[in-house]
Amino acid sequence: DGNSVTATDGDATWSSPINNTTTVVLTVNLAGALTVKRDGASPLSNIVVGNTNDISLLKVSMSAANEAFYLKKLRISNEGTDSAGNVCDGTETAPQEFASTCDTGVTQLKIKYPKMDGTIGTKTGVLSSGIADFSDLDAYLALDKNSVIEVLADLATISATGVSGDQLQAGLELDSNFEAVGAGSGSTLDA
């Protein structure tokens, strides 16, 4: 801009070498990054009864760096055990003997997530072979802020489809049906 700057160390004595050139450092990132972890307020265990709604199963904290993100889709899996002790890990598919038992007891799953306007959005889904896919989300993961996604369940009555002894444990699958789009770069983090 035509202005000059004279470097000095305050007492006019210098030691070599002297760098009196202007140095500008600019760091450029191609895209943002997401850090995902279990939120500290996520329930570790709970005793629940049938025919109750909005039972909190999981809270996940997502922190966006370098840019905000739009979360478009995600997959929740039942990683607990059924009443017979069979492990549900979200990979159950027919004709496995216990694939459908990982779905009993849960009439629907609900996710709550932050939206760009500051309100909380919700979507509902059902377990099928131990997984529930959510798409067309309008979640907003703000830059440099922990955005919490909560998973809740509505439970069946024991006499309907619920089975006493099921142990529900929700998990977020980042390697299947996951998509987040950078608000500035437009880059996609997906699986």
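**Strands, loops and contacts**

Colleague: Where is A64 found?

Modeller: A64 is found in strand 2, residues 55-65. Helices (H or I, at least four residues) and strands (E, at least two) are DSSP runs, numbered from the N terminus.

Colleague: Before we go on, what kind of model is this?

Modeller: This is a predicted model, in which local features need pLDDT of at least 70 and side-chain atom pairs count only at pLDDT 80 or more, while totals for chains, interfaces and linings use all residues. Residues are numbered from 1 along each chain as its sequence is written, and side-chain values use heavy atoms, with hydrogens and water left out.

Colleague: Back to A64, then. Is A64 buried or exposed?

Modeller: A64 counts as buried, because its relative accessibility is 1%. Buried means under 20% relative accessible area, exposed over 50%, and partly exposed in between (1.4 Å probe, protein chains only).

Colleague: Which residues does A64 touch?

Modeller: Leaving aside residues up to four places away in sequence, A64 touches A33, L34, F69, L141, A142, L143, D144 and K145. A contact means heavy atoms within 4.5 Å. The C-alpha atoms of A64 and A142 are separated by 6.4 Å, although these residues are 78 residues apart along the chain.

Colleague: Now the sheet. What is the order of its five strands?

Modeller: The order is 1-2-8-4-5 in an open sheet with antiparallel pairing. Two strands pair if DSSP finds at least two bridges between them.

Colleague: Why is one side of strand 1 and of strand 5 left without a neighbour in the sheet?

Modeller: Strand 1 (33-38) and strand 5 (120-125) stand at the edges, and each has a single partner strand.

Colleague: How many bridges join strand 4 and strand 8?

Modeller: Strand 4 (residues 106-114) and strand 8 (residues 146-155) pair over six bridges in the antiparallel sense. In strand 8, L152 is the bridge partner of K110.

Colleague: Let us turn to the loops. What is the phi of D54?

Modeller: D54 has a positive phi of about 55°, although it is not a glycine. D54 lies in the loop between strand 1 and strand 2, and it is partly exposed, with a relative accessible area of 40%. S129, in the loop between strand 5 and strand 6 (131-134), is a residue other than glycine with a positive phi near 55°.

Colleague: Finally, where is S77?

Modeller: S77 is in strand 3, residues 69-78, and is buried, with a relative accessible area of 1%.
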